[in-house]
Amino acid sequence: MPDNRVVQGRMVTPKRLAELIEDDTVMEADSIRDAERECPECGGDVLSVGYMPSVTAFVTGYKCQDCDWGTREE
Ligand SMILES: [Zn+2]
């Protein structure tokens with residue numbers, strides 16, 4: 001799938017990336033985008049993905065491609 005990206009050396013789908021950020025399963029995930037921000041931990045490139053952790057919620061998650069750092073915004 002063209003949407004897949006490499007994160008910490010592993011190829012991930014948008015849904016898998018969202019699950020790494022959420023540390024739980026998610027219902028739906030949009031395409032992965034470049035967040036155009038630097039990781040505060042290591043200065044690496046950050047990816048963003050919009051996803052639905054539940055039927056009533058939509059959040060944007062951010063994850064560093066190189067380390068464990070990640071965050072989410074409601
Ligand atoms: Zn990082």
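Analyst: Let's start with β4 and β5, which run antiparallel and are joined by seven bridges. Strands here are DSSP runs of E with at least two residues, helices are runs of H or I with at least four, and both are numbered from the N terminus. Two strands count as paired if DSSP finds at least two bridges between them. Bear in mind that this is a predicted model: local features need pLDDT of at least 70, side-chain atom pairs count only at pLDDT 80 or more, and totals for chains, interfaces and linings use all residues. Residue numbers start from 1 along each chain as its sequence is written.

Now zoom out. The sheet is open, with four antiparallel strands in the order β3-β4-β5-β6. β3 and β6 are at the edges with a single partner strand each, so one side of each has no neighbour in the sheet. From one strand to the next, the twist averages 30°.

What lies across this sheet? Helix α1 lies across β3, β4, β5 and β6, at about 65° to β3 (axes are lines fitted to C-alpha atoms, for helices over the stretch in contact, with angles from 0 to 180 degrees between N-to-C directions). Contact means C-beta atoms, placed from the backbone, within 7 Å.

That brings us to the largest nonpolar core, which has 13 residues; L17, A18, A29, L47, V49 and Y51 have the most contacts inside it. Such a core is a set of buried Ala, Val, Leu, Ile, Met, Phe, Trp, Tyr and Cys residues joined through C-beta atoms within 7 Å. Buried means 20 or more other C-beta atoms within 10 Å of a residue's own; 12 or fewer is exposed, and in between is partly exposed. α1, β3 and β4 each give at least two residues to this core, and β4 has the largest share, with four.

Definitions and conventions:
Two residues are in contact if their C-beta atoms, placed from the backbone, lie within 7 Å.
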